[in-house]
Amino acid sequence: MNKRIAVDLAKSVYQVAESIRAGQVSQRKRLNREAFRRYIQDQAEPVEWLMEACGTAHYWGRFAQSQGHRVILLHARYVKPYRRRNKTDRNDCDAILEAARCADIHPVPVKTHEQQQLQQLHGLRETWKKSRTQRINLLRGIFREMGLEVPAATAAFLHAASELVERPEVAALRGQLQIVLAEIDLYEQCMVECGQQLARWHADGAIARKLDEVSGIGLLDASALKTVVGQPERFASGRQLSAWLGMTPREYSSGNRRRLGQISCLGNTYVRTLLIHGARAALLAAQRLYCRTPERLTQLQRWAVATAARIGHNKAAVALANKLVRICWAVWCHERRFSGNWQSSRPA
């Protein structure tokens, strides 16, 4: 497979650069969508297609793979340093070719159709949650400006909101406020149906069930992690997966001076947020158990409680999330069942 073709993807214009010898472009094309589809189909021999991992890259990657070609997707962050001078489609293709020659740049796996559907389902649920929060905050602001006292808890506020809209202070706005309450109910229903669909999709998935057994990992965390990671064996260790998700400290070192700061936050923001929230819930559960029946704590829970006492609750939640990611990698790759006691989970 000597021929490489770099493609700069766009909505309707596709810039193509063919390369047979490394570092040299033999031919360039500028195609529309249908012409680009025919161009892929007309390749007589297997070709190595190089693309940035953007919005439509996974679709075109699957299409090229179905035609017997090899596809390499490169992260846009790693392609950008190779672009010279102005940003044009032509220079972007040259940058993709140059970045592909670097063996240390790991490609992005092409997502399956099911993976993309799950990812979009998570995105829809997050959008509905944000819209619901916006409308709740809007109602809070309106009621407070009218001098009405509202509960601080969200569930209590929604329960009281139906009575507050009937107060004479907001009589002129009653119709509009009822529309906002109906929108909140609609978004809540959409989120519930989204969770039910995720549960149905993962009902027969052995990997999702094993990840769900890990403390602090629920259905949302397990499905999102499974969708984003795809193939855990491409990570040599759980620490690499944790670093890929942005859970490890950012390093700024020079010479003999080593500086470790806050977590890098370079990975998937949505998955990292879910994992940290799950770890925070697991930490709170461990602290409650420590106050009632400390003898029932597992080694993982003892470590989490001790870490929270030493560095604080929020930092301990992030540290626990880091550890949970590494545990998930071990459970996933080695097909083990989760155990909070590390010694008992290790093979003899």
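Student: How many aromatic pairs does the count come to here?

Tutor: The count comes to 9 aromatic pairs. The rule is that rings of Phe, Tyr and Trp (its six-membered ring) pair if their centres lie within 6.5 Å; planes under 30 degrees apart are stacked, over 60 edge-to-face, and the rest tilted. Before we go on, remember that this is a predicted model, where local features need pLDDT of at least 70, side-chain atom pairs count only at pLDDT 80 or more, and totals for chains, interfaces and linings use all residues. Residues are numbered from 1 along each chain as its sequence is written, and side-chain values use heavy atoms, with hydrogens and water left out.

Student: Are Tyr14 and Phe36 stacked or edge-to-face?

Tutor: Stacked: the Tyr14 and Phe36 rings are 4.8 Å apart centre to centre, with 5° between the planes. This pair links distant parts of the chain, since Tyr14 is in strand S2 (residues 14-19) and Phe36 is in helix H1 (residues 33-41), 22 residues apart. Helices (H or I, at least four residues) and strands (E, at least two) are DSSP runs, numbered from the N terminus.

Student: Are Tyr14 and Phe36 buried or exposed?

Tutor: Both Tyr14 and Phe36 are buried. Buried means under 20% relative accessible area, exposed means over 50%, and partly exposed is in between (1.4 Å probe, protein chains only).

Student: And what kind of pair do Trp60 and Phe63 form?

Tutor: Trp60 and Phe63 are edge-to-face, at 6.0 Å centre to centre and 85° between the planes. Both sit in helix H2 (residues 57-66), 3 residues apart, about one turn of the helix.

Student: Why does Trp60 count as buried?

Tutor: Because its relative accessibility is 0%. Phe63 is buried too, with a relative accessible area of 12%. Zooming out, Tyr14, Phe36, Tyr39, Trp49, Tyr59, Trp60 and Phe63 form one aromatic cluster.

Student: Which ring does the charged end of Arg37 sit over?

Tutor: The ring of Phe63, with the charged end 5.1 Å from the ring centre. A charge sits over a ring if NZ of Lys or CZ of Arg is within 6 Å of the ring centre and within 35 degrees of the ring normal. Arg140 gives another case, lying over the face of Phe157 at 4.5 Å from the ring centre.

Student: What about sulfur: how many disulfides does the structure hold?

Tutor: In general, a disulfide is a covalent bond between the sulfur atoms of two cysteines. The cut-off used here is a pair of cysteine sulfur atoms within 2.5 Å. This structure holds 0 disulfides. Take Cys190: the closest cysteine sulfur, in Cys194, is 9.0 Å away, so that is too far for a bond. Cys190 is buried at a relative accessible area of 16%, and Cys194 also counts as buried, at 2% relative accessibility.

Student: Next, the sheet. In what order do the strands come?

Tutor: Two strands pair if DSSP finds at least two bridges between them. Here 5 strands form an open sheet in the order S3-S2-S1-S4-S5, and the pairing is mixed. Strand S3 (27-31) and strand S5 (70-74) stand at the edges with a single partner strand each, so one side of each has no neighbour in the sheet. From one strand to the next, the twist averages 20°.

Student: How many bridges join strand S4 to S5?

Tutor: There are 5 bridges between strand S4 (residues 48-52) and S5, and the two run parallel. Within that part of the sheet, Glu52 stands opposite Leu74 in S5.

Student: Which helix packs on the sheet?

Tutor: Helix H4 (residues 89-100) does, touching strand S1 (4-8), S2, S3, S4 and S5. Contact means heavy atoms within 4.5 Å. The direction of H4 makes about 135° with that of S1; axes are lines fitted to C-alpha atoms, for helices over the stretch in contact, and angles run from 0 to 180 degrees between N-to-C directions.

Student: Where is Val150 found?

Tutor: Val150 is in the loop between H5 and helix H6 (154-164). At 11% relative accessibility, Val150 counts as buried. Not counting residues up to four places away in sequence, Val150 touches Arg140, Phe143, Arg144, Phe157 and Leu164.
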